[in-house]
Amino acid sequence: MATRPVMRVATVSVLAATLCLSVSALRAETSSWSQRTTTETPAAKTTAKQTTSKRKRQKTVKTKATSAPEQAPDAPAASGGDPAFAAFQTSHFLTALKRARTAADAGDPAAHTLVGRILEEGLGVPRDPATAAQWYARADALGDENAAFALGVLHATGTGVEKNAVRAADFFAKASTRGHIGATYNLALAYLSGTGRAIDEEGGARLMQRAAEAGDKTAQYDLGALYARGFGVTQNEAQAALWTGKAAAAGLVSAQLDYAVMLFKGRGVEKNIDRAAWYFRSAAERGNPVAQNRLARLYAVGVGVPQSRVDAATWHLLARAQGVSDFKLDVIVSKLSDDIREDVAQRVASYVDRSMLNR
């Protein structure tokens, strides 16, 4: 049975506030059961509530039951021959539950985890995290890394089980040993923040490095933050830029903003204004207000982009609507003619409409 990709659920941790890491204490899986792939690109989405400059990202877990058809068509080809996953993949959750229970009775570890997942999130059935935890526990006993990870998240959040940071870290450690990269990331934060583990800056940094080298873009971003601050590693601007750049190239919006600043200033990487402008624009187009403000400034003076009062005003107004003020850009807007202001207003409205459609 296929595994499911990692998604982040953030809670405020001391480490996130102290080090300004991009994510706080844990991540939970809540999306599909397809093999994990990287879906974000420099011009694509962020499902988390992105913040700027190495701050936390946040995601909410579904809490309402999802209705679904009772029966699903047989579609094993789309799931590598797994009928339970085929039904789940097409949102036929009741059929998936029935098939997963049958596979679980035959001893399939991942089938136990799938049953737990459906019950935990209330997919086609009432939410029952306590019973989900029991299914995860059976799957964990059979060696499933996703189940161990899920139990870690439940204990970290106190969902269906008693909240216990030590138990959560224990399960993350078990899942990490089995090769679960999201668990490795969470375990790194446990050591770096002293949540469920004694603080071990160097050990936490090593785990973060492992997750980053495995291609986890958030771990790459946070590893860049560790190198920038010299926390658990020797401070190194070049390494900070290297790992932040990897996360930016993978499409992490907050990393794109920080890497753009590094490129613009030549901090740890060769100065490249044009490339910095590209990353500012990528992050701006995906809704980051600080990036929108920086891009507006570039358009105002024609650095890295053609000078354009209309583009400067458009990005400034979008940033200002999200709370990023800029007096100099306000002055530029105030000097525009009525016709140009109307054009800018239409551009802003069009951007907002597209953003709403893409949510």
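Val348 is buried in this predicted model, with a relative accessible area of 17%. That value is under the 20% cut-off, so Val348 counts as buried rather than partly exposed. The residue sits in helix α17, which covers residues 338-357. From there, here is a short tour of the chain, its helix pairs and a few individual residues.

**Around Val348**
- Beyond its neighbours within four places in sequence, Val348 is in contact with Thr314, Leu317 and Leu318.
- One of these partners, Leu318, is 30 residues away from Val348 along the chain, yet the two C-alpha atoms are separated by 6.6 Å.

**The chain as a whole**
- The chain holds 17 helices and two strands.
- Of its 359 residues, 50% are buried.
- If you take the contacts between residues at least 6 apart in sequence, 57% of them join residues at least 24 apart.

**Helices α7 and α8**
- Helix α7 spans residues 165-177 and helix α8 spans residues 181-193; their axes come within 8 Å and cross at roughly 140 degrees.
- The crossing of the two helices, α7 and α8, is left-handed.
- On the α7 side, the contact involves Ala169, Phe172, Ala173, Ala175 and Ser176.
- These meet Ala183, Thr184, Asn186, Leu187 and Ala190 on the α8 side.
- By residue class, the contact of α7 with α8 has seven nonpolar and three polar members, with no charged ones.

**Helices α9 and α10**
- Helix α9 (201-213) packs against helix α10 (residues 217-229) at an angle of about 140 degrees, and their axes are 8 Å apart.
- The pair α9 and α10 is therefore oblique.
- Here too you will find a left-handed crossing, as α9 passes α10.
- From α9, the contact draws on Ala205, Met208, Gln209, Ala211 and Ala212.
- From α10, Ala219, Gln220, Asp222, Leu223, Leu226 and Tyr227 take part.
- The residues of the contact of α9 with α10 comprise eight nonpolar, two polar and one charged.

**His155 in helix α6**
- His155 belongs to helix α6, residues 145-157.
- With 8% relative accessibility, His155 counts as buried.
- Setting aside neighbours within four places in sequence, the contacts of His155 are Val161, Glu162, Lys163, Asn164, Arg167, Ala168 and Phe171.

**Two loop residues to look at**
- Ser91 is found in the loop that links α2 (83-89) and α3 (93-105).
- The phi angle of Ser91 is near 65 degrees, which is a positive value in a residue other than glycine.
- Ser91 has 37% relative accessibility and so counts as partly exposed.
- Asp200 lies in the loop between α8 and α9.
- Asp200 is also partly exposed, at a relative accessible area of 31%.
- Asp200 and Leu189 are eleven residues apart in sequence, and their C-alpha atoms are 9.9 Å apart in space.

Conventions: Residues numbered from 1 in each chain as written. Predicted model: local features only at pLDDT ≥ 70, side-chain atom pairs only at ≥ 80, totals over all residues. Heavy atoms only, no water. Axes fitted to C-alpha atoms, helices over the stretch in contact; angles between N-to-C directions. Helix = DSSP H or I, 4+ residues; strand = E, 2+ residues; numbered from the N terminus. Left-handed = near helix turned anticlockwise from the far one by under 90°. Contact = heavy atoms within 4.5 Å. Nonpolar A, V, L, I, M, F, W, Y, C, P; charged D, E, K, R; others polar. Buried < 20%, exposed > 50% of the residue type's maximum accessible area, 1.4 Å probe, protein only. Parallel < 35°, antiparallel > 145°, perpendicular 65-115°, else oblique.
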